[in-house]
Structures are given as structure tokens and as C-alpha cells.
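Where does a protein model leave empty space, and which charged side chains pair within it? The report below takes up these two topics in turn.

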Amino acid sequence: MTRSTERPAVTTPPTTGLDEAGALRHHLADQLADAGHIRTPAVDKALRTVPRHAFAPEVPPQEAYANDIVATCHSDDGRITSSISAPWLQADMLEAARLQPGHRVPEIGSGGYNAALIAELVGPTGGVTTLDIDPAVTDRATRYLAQTGYDRVRVVSADAEYLPVGIVPDGGFDAILVTVDTWDLPWIDALADGGRLVAPLRLHQYTWAIGFTKNDGALHSGEPLIVCGFVAMQGAGAWEANRRTVPGTGVHLSWEDGTPMPVDQLAPALAREPHVAHTHVTVCGQEPFDALTLYLAGALPGFCRLSVDPGGRNGVLNPPPKHWPGAAIVRGPSLARLATERFSDGDDGNGVYELVAHGYGPSGHLAAQEMAEQVQHWQRNHRAALCPQITIHPLTEGATRAASDDPHVFVKKHTRVVIDWPVVPGTAALLTDDEGRYLLHLRSANKPIWRSGQWALTGVRAGSLRG
């Protein structure tokens with residue numbers, strides 16, 4: 001789905017004469033529309049109508065209408081267990097849901113505010129049910145929905161892994177919105193054929209908000225994936241990271257969608273300097289490459305996620321950020337991980353980076369080269385594609401959960417996830433001389449140039465220029 005560059009038609013009154021909260025609400029909607037997160041008049045009207053600050057009375061209106069999350073519940077150890085999601089992401093997911101008046105919609109993961117937005121979109125002829133496993137969350141949602149005039153929203157305290165009896169209407173829901181970080185999608189049977197399901201789905205420890213349409217009993221994605229973060233699913237649907245720690249190193253490896261492998265033998269490998277395999281594939285400082293990591297998860301056997309303890313002395317160069325563990329593979333006593341090397345400041349000062357693979361252990365050079373070759377394959381064949389196509393099939397009762405022979409198929413508890421990577425040739429190359437010195441950075445003409453001032457050229461293969 002492409003985003004319109006035009007502002008949606010706004011029929012709401014101008015902000016003059018509004019109270020502070022009302023003015024802030026309209027200002028936020030203006031920001032979201034200008035940034036392309038609001039794309040239809042219906043979503044625009046909902047965001048200008050529902051008083052977000054009324055669902056977050058613990059913070060001042062300026063914080064309630066900031067384009068950021070508002071934490072509303074915490075566990076005893078300080079973790080956020082419920083929050084009002086960032087407005088930009090709520091707008092994107094509501095747009096992806098394609099809600100219409102009269103639709104019947106459940107929200108998996110409650111809080112109140114998003115349910116009120118859904119209620120605005122489906123109108124008085126529609127039906128909204130919001131579910132959460134935490135009674136404190138549903139009590140709060142019930143109270144604030146009533147106070148803001150949205151008491152027609154049905155609030156249910158339940159573990160949404162298995163929807164309570166009597167909730168699913170005849171013919172199924174018209175749309176389902178999931179607002180918690182979910183590892184699986186056990187709600188396909190509850191969705192009407194042609195209905196929409198929008199969820200932040202975890203695939204190999206990254207979370208993407210994805211919009212699906214149900215056709216012939218399966219879910220089919222049809223628009224770009226949005227990297228995001230949500231409060232984790234609790235109860236029967238909670239995910240297991242399958243994390244293993246390399247002894248004495250503070251390095252952790254997780255096989256969330258794969259079979260965990262032994263890691264004790266990797267400690268000696270991390271005591272040595274890594275072998276570096278260059279890919280000559282580049283990214284800019286603010287350019288996401290999450291699609292690459294999703295591709296590598298299927299293309300590389302033994303794929304896992306690597307994280308490190310802050311300040312650990314473990315030999316891992318440029319460790320990944322705390323919340324975005326790096327891509328890695330294990331090969332017996334050796335491992336390789338995806339890393340970056342900065343070679344230019346770029347026109348905006350955010351830097352231009354080459355993707356490299358660091359190999360550790362006796363066969364680390366081979367593992368690093370294996371990873372580098374897959375990065376180059378993605379670069380040549382898939383990078384210029386808008387996004388992969390994801391199809392999710394429900395597992396039939398009694399079906400085996402054995403891993404598929406297809407490398408880009410991930411089998412979960414309730415579903416089988418199939419990822420199809422369109423082949424769209426495109427290039428982006430770091431050109432160097434024979435001594436490895438930087439000469440030029442070339443970007444594909446098949447995709448917009450990420451930052452101004454960089455070259456666009458078609459048909460250039462990653463490699464070196466010989467002087």
C-alpha cells in the first residue's frame with residue numbers, strides 16, 4: 001500500500017477557541033497527517049475526536065499528546081506491562097485495518113484509548129470488544145471508556161490465546177487488531193473471509209506490525225512491514241526467547257524461531273580477534289535494514305540473535321544496541337555476526353556504513369564469508385523490493401510442528417509462516433581500490449536515494465574499481 005502525499009480532507013473545526021488539550025490533539029493529528037501516518041479522513045477524524053489525555057491522566061496533556069508511548073502499568077520489577085502506543089503507530093495500524101462503519105472488531109491487548117478510536121471508526125452500528133489478561137488494565141479501560149462516552153465498547157478480562165466462548169460473532173470478525181507483541185496468530189479462524197488482521201508479529205526476535213487479509217483460510221500480507229515495539233504478550237501466548245549464554249563472556253544467543261544450539265564451546269572463539277568479511281553493501285546511518293535480517297533468518301541455518309551485557313569484556317566489536325539484537329549464526333565452535341564499519345560522514349552527518357560479517361573461532365572466516373555472501377545475494381536480488389510477501393496458514397489439529405525444508409518457512413505453535421522474497425534486481429555499492437580505500441558510494445535507481453548528494457546508478461555490481 002502506498003502512502004498518499006496529500007493531506008486527507010479534514011472536516012473538523014479549526015483549533016481556534018479550543019482548550020489546551022483540544023489544541024494539542026489537533027496539532028498531533030496535523031503532524032501525523034503531514035508525516036503520512038494518517039491517510040484517510042476517517043482516521044483523521046477519529047484522532048481529532050478521542051481525548052487521548054483522558055486515558056492518561058497521570059501525565060500532563062503535553063505528554064499525552066506527544067508522538068510517543070505513555071506507560072500506564074508497571075510490574076513489580078519496573079517493566080512496562082501496559083501502555084498507550086505511540087500515535088504514529090496507532091494511526092498506521094488503524095489505516096492498515098481498513099475499518100468501516102458497522103464492522104465488528106476485537107482488540108487484543110487493552111488500554112481504552114485505541115478501543116475508543118476503533119469505536120469512532122466502526123460507528124454506533126459496529127461492535128468493539130477489547131480484551132486483556134490483566135484485570136487492572138481492563139478495570140482502567142472500563143473506567144476511562146465510560147468517562148469519555150465510549151461505554152458501548154465491551155471490555156473483557158481473558159487470556160486471548162483462546163478467545164472466550166460467545167465472543168466471536170456469526171461469520172467471524174470483520175477485522176482484528178492486536179496491540180501486544182505476539183509471537184503467533186491463533187485468531188485466523190475467528191476472522192471472516194476477506195477480513196483484516198493487523199498485528200505486531202515477532203519473527204526471530206524482531207517485531208513487525210503487519211497488515212493481513214484473510215483469503216481461502218490463510219492470511220496474506222500486502223503492504224510494507226513496520227518495525228515496532230509493544231508490551232509483551234502474557235499468558236498462554238507468551239513467547240520463549242530460548243536464550244543461551246556463552247560462559248564467562250556476557251554474550252547471549254537466542255533461537256526464538258529456531259532450534260537452540262550448544263554455546264559452551266564458543267567461549268574460546270570470542271577470546272580472539274574476529275575475521276572480517278567485507279560485503280561492499282552499504283547503508284546510511286538512519287537507514288533501516290531489518291528486511292535483511294529477516295532474509296538472513298531464513299537463508300542461514302543456525303540463525304540466531306546476539307546480544308551482549310553492557311560493558312562486557314567479550315571481544316565483540318561494535319555490539320548491537322540493547323533492544324535490537326544482532327544477526328548471528330553458529331557453526332560448531334565458531335560463529336559469525338552481522339556488523340557495520342563506518343567509512344563516511346555522509347551529507348547529513350549520520351554516516352555511511354558498510355555491512356560486514358565478523359567471524360570468530362577456528363572456522364569463523366568460513367562462517368563470516370557464508371553470511372557475507374547471503375548479504376550480497378539479498379543486495380542483488382531482494383533489496384529493491386518494497387517488502388517480502390508473508391502468508392500465514394493455520395496448523396490443522398494434530399499437524400506436526402516439525403521444521404519445514406523450505407528455508408523461509410517458520411513453524412510456530414498455531415501457524416506456519418511462509419515468506420516470499422520478490423526478485424527485484426537492484427544495487428548499492430561501496431567502490432574501493434585494490435588497497436581497500438573508499439572511492440565512491442553508489443545507490444540503486446530502483447529505490448529512492450536515502451540521503452541527498454549520493455549517486456544513483458543502475459547495474460553497478462558491488463566490488464572494487466581497479467586503477
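What follows describes the pocket, the cavity and the salt bridges of this predicted model.

**Empty space**

Rolling a probe the size of a water molecule over the atoms shows where empty space is left. The largest pocket has a volume of about 1,500 Å³, and its lining is made up of 39 residues, with Asp181, Arg202, Phe230, Trp239 and His323 lying nearest the centre. By residue class, this pocket lining consists of 21 nonpolar, 11 polar and 7 charged residues. At least two lining residues come from each of strand E2 (80-84), helix H4 (87-97), strand E8 (206-215), strand E12 (251-254) and strand E14 (303-308), and E2 gives the largest share, 3 residues.

Cavities of 30 Å³ or more number 2 in the structure. The largest cavity holds about 320 Å³ of space and is lined by 28 residues, of which Gly109, Ser110, Asp132, Thr179 and Val180 are nearest its centre. Two or more residues of that lining are given by each of E2, E3, helix H5 (113-122) and strand E4 (127-132), while the largest share, 4 residues, belongs to E2. The lining of the largest cavity divides into 13 nonpolar, 12 polar and 3 charged residues.

**Salt bridges**

Side chains of opposite charge can pair when their charged atoms come close.

| Salt bridge | N to O distance |
|---|---|
| Asp92 and Arg39 | 3.0 Å |
| Asp174 and Arg104 | 3.3 Å |
| Asp345 and Arg342 | 3.1 Å |

In the salt bridge between Asp92 and Arg39, distant parts of the chain are linked, with Asp92 in helix H4 and Arg39 in the loop between helix H1 (20-34) and helix H2 (41-49), 53 residues apart. Asp92 and Arg39 are both buried.

For the salt bridge of Asp174 with Arg104, Asp174 belongs to strand E6 (residues 173-178) and Arg104 to strand E3 (residues 104-108), so the pair ties together parts that are 70 residues apart in sequence. Arg104 has a relative accessible area of 30% and is therefore partly exposed.

In the salt bridge of Asp345 with Arg342, Arg342 has a relative accessible area of 42% and so counts as partly exposed.

Methods: Residues numbered from 1 in each chain as written. Predicted model: local features only at pLDDT ≥ 70, side-chain atom pairs only at ≥ 80, totals over all residues. Heavy atoms only, no water. 1 Å grid on protein atoms, 1.4 Å probe; cavity = no way out; pocket = protein on both sides within 12 Å on 5 of 7 lines; lining within 4 Å. Points joined across faces, edges and corners; volume = space filled by probe spheres on them. Nonpolar A, V, L, I, M, F, W, Y, C, P; charged D, E, K, R; others polar. Salt bridge = Lys/Arg side-chain N within 4 Å of Asp/Glu carboxyl O. Buried < 20%, exposed > 50% of the residue type's maximum accessible area, 1.4 Å probe, protein only.
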